[in-house]
Amino acid sequence: MSKPVVLIAEELSPATVDALGPDFEIVSVDGTDRPALLSALQTADAILVRSATKVDAEALAAAPNLKVIARAGVGLDNVDIKAATQAGVMVVNAPTSNIISAAELTVGHILSLARHIPAAHNALAQGQWKRSKYTGVELYEKTIGIIGLGRIGALITARMQAFGTNVIAYDPYVTSARAQQLGVTLVTLDELLAQSDFITIHMPKTPETTGMIGEAQLALMKPTAFIVNVARGGLIDETALAAALTAGTIAGAGLDVFVSEPPTDSSLLGLENIIVTPHLGASTDEAQEKAGVSVAKSVRLALSGELVPDAVNVAGGVIDPSVRPGIPLIEKLGQVFSGLAESPLTSLDVEIRGEIVEFDVSVLKLAALKGIFTNVVSETVSYVNAPLLAEQRGLEVRLITDPVSEEYRNLLTLRGALSDGSQISVSGTLTGTKQIEKIVEINGYDVEVPIAEHLIVMLYADRPGIVAIYGKEFGEAGINIAGMQIARRAAGGQALSVLTVDSPAPEGLLEKVRIAIEADVLREIDITES
């Protein structure tokens with residue numbers, strides 16, 4: 001029998017090929033040479049890429065035998081995950097390969113800002129001895145503010161505490177118990193901005209976090225404070241940052257990532273009080289080798305039909321066809337669930353009811369956690385790290401199965417307790433021959449709403465005219481309501497309304513609607529396809 005063909009489209013470490021072993025035929029191609037790539041894909045069972053090779057719908061169409069796309073790194077911007085999923089192709093990456101490198105680069109930026117290292121070097125290299133100009137500050141007893149206390153945030157915490165600093169953090173999804181374990185004080189974002197001497201941001205890039213540090217937030221910072229971003233470009237509003245640095249609102253900034261890369265036209269590059277690096281977070285020999293070896297192991301697992309922990313779109317392994325349609329459904333329910341949560345989650349029950357419980361449904365628990373954490377942590381969430389993320393946050397998770405489902409053939413429910421004492425639940429099912437994904441319950445209210453990319457959930461006192469009020473507000477804002485359902489338990493009591501809309505609501509609209517209808521809860525939830 002011929003060996004499976006593994007296509008290596010970019011330069012990878014020799015350790016990557018060694019990790020693949022002798023069981024595969026290795027073919028190399030320049031992934032940026034499009035005709036050569038498309039030709040080589042015709043016989044490929046797997047492809048290994050870094051960031052330069054685009055694996056899109058056209059590439060997938062040229063690869064009839066392709067079973068796995070492996071990205072030797074964290075980001076997946078160059079891989080069309082939705083098209084891969086539709087084609088039944090697994091996508092894997094190396095989510096933990098660069099966390100130490102990214103944490104160390106962050107520390108490097110902080111030290112460089114504190115002691116003006118790059119500027120002092122440049123001056124001396126030009127023959128200028130400017131000791132007094134580059135007087136810096138010590139890190140000892142300074143307050144370090146970490147926005148996003150995930151794995152990288154935790155690594156930075158440990159390293160900063162070694163300098164004798166006081167570490168505070170903002171992360172709405174981390175419990176106080178986890179923060180206490182790390183020796184960190186949880187605060188609000190405004191408190192962190194006002195108290196910190198150095199701020200570093202480690203959040204995922206979502207519609208909610210894009211531009212989360214803008215003009216108003218920068219104005220809260222001390223004029224002696226510095227801010228660092230090595231996570232994702234766009235978390236800090238670059239226009240507002242340039243204005244703050246120019247005006248002296250803050251002392252300085254360190255950036256490794258930008259909205260547009262390379263940032264050739266950025267006004268930030270000409271400022272004296274900023275340190276910039278060309279997206280070097282994962283650019284260490286160790287990180288590159290870890291990434292290559294990690295995805296090589298995943299390729300071996302995928303091509304042998306075993307469970308692939310770092311798969312980002314499908315779990316791989318032996319999963320019954322009856323269970324597989326539930327994976328994307330419960331992952332989306334997880335995103336809805338986290339969108340509704342107002343405080344950290346402390347316990348979670350993943351309830352599976354109906355015919356599918358006769359099969360192994362443990363993958364649905366993994367998919368639920370993956371959905372819950374997808375838009376709330378900075379790192380890529382997979383089936384292997386989702387339970388770890390839950391464990392790090394002190395989240396107790398149970399899988400509950402019951403062969404009896406009274407209303408639906410199969411019913412998937414996420415039910416959890418939050419740190420503020422409240423409870424939330426979301427249920428979904430697949431209906432009809434097309435297996436349409438629907439939400440059928442939210443917090444005890446019965447609904448039946450197809451899952452869409454943009455959802456708005458409102459809870460308010462039921463009274464006449466409410467629908468007209470928010471319909472008018474959304475209409476005037478140009479937001480088209482594609483679907484709507486209202487549920488209530490009793491006339492004149494609380495009503496829950498779920499809207500599917502064609503586009504995200506502009507900033508400020510939801511607060512305007514909330515005030516207009518005096519809503520107790522109003523949440524916009526964007527569903528990320530995996």
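Figure 1. The view is taken from a predicted model. Leaving aside residues up to four places away in sequence, Gly145 touches Ile168, Leu192, Ser196, Phe198, Ile199 and Thr200. Val228 is 83 residues from Gly145 in sequence, while the two C-alpha atoms are 10 Å apart in space.

**Figure 2. The stacked aromatic pair of Phe198 and Phe226.** How many aromatic pairs does a search of the whole structure find? The search finds 3. In the pair formed by Phe198 and Phe226, the ring centres are 5.1 Å apart and the planes make an angle of 15 degrees. The pair is called stacked because its angle of 15 degrees is under 30 degrees. Distant parts of the chain are linked in this way: Phe198 is in strand 9 (residues 198-201) and Phe226 is in strand 10 (residues 226-229), 28 residues apart. Phe198 is buried, with a relative accessibility of 2%, and Phe226 is buried at 9%.

**Figure 3. The edge-to-face aromatic pair of Tyr470 and Phe474.** The ring centres of Tyr470 and Phe474 lie 6.4 Å apart, with 70 degrees between the planes. Both residues are in helix 16 (residues 466-476), where their spacing of 4 residues is about one turn of the helix. Tyr470 is buried at 0% relative accessibility, and Phe474 is likewise buried at 0%. Ring pairs join Tyr470 and Phe474 with Tyr460 into a cluster.

**Figure 4. Arg489 over the face of Tyr445.** Arg489 is placed at 4.0 Å from the centre of the Tyr445 ring.

**Figure 5. The crossing of helix 5 and helix 7.** The axes of helix 5 (residues 99-115) and helix 7 (residues 151-161) come within 9 Å and cross at roughly 45 degrees.

**Figure 6. Thr157, a buried residue of helix 7.** Thr157 has a relative accessibility of 1% and therefore counts as buried. Apart from residues up to four places away in sequence, Thr157 touches Ile146, Leu149, Val167, Leu182 and Val184.

**Figure 7. The cis peptide bond between Glu261 and Pro262.** The omega angle of this bond is about 0 degrees. Pro262 is part of the loop between strand 11 (252-255) and strand 12 (274-276).

**Figure 8. Positive phi values at Glu141 and His279.** Glu141 is a residue other than glycine, with a phi near 65 degrees. The loop between helix 6 (117-125) and strand 6 contains Glu141, which is exposed at 59% relative accessibility. For His279, also a residue other than glycine, phi is near 55 degrees. His279 is found in the loop between strand 12 and helix 12 (285-303). With a relative accessible area of 41%, His279 is partly exposed.

Terms used:
Residues are numbered from 1 along each chain as its sequence is written. This is a predicted model: local features need pLDDT of at least 70, side-chain atom pairs count only at pLDDT 80 or more; totals for chains, interfaces and linings use all residues. Side-chain values use heavy atoms; hydrogens and water are left out. Contact means heavy atoms within 4.5 Å. Rings of Phe, Tyr and Trp (its six-membered ring) pair if their centres lie within 6.5 Å; planes under 30 degrees apart count as stacked, over 60 as edge-to-face and the rest as tilted. Helices (H or I, at least four residues) and strands (E, at least two) are DSSP runs, numbered from the N terminus. Buried means under 20% relative accessible area, exposed over 50%, partly exposed in between (1.4 Å probe, protein chains only). A charge sits over a ring if NZ of Lys or CZ of Arg is within 6 Å of the ring centre and within 35 degrees of the ring normal. Axes are lines fitted to C-alpha atoms, for helices over the stretch in contact, and angles run from 0 to 180 degrees between N-to-C directions. A crossing is left-handed if the near helix is turned anticlockwise from the far one by less than a right angle, and right-handed if clockwise.
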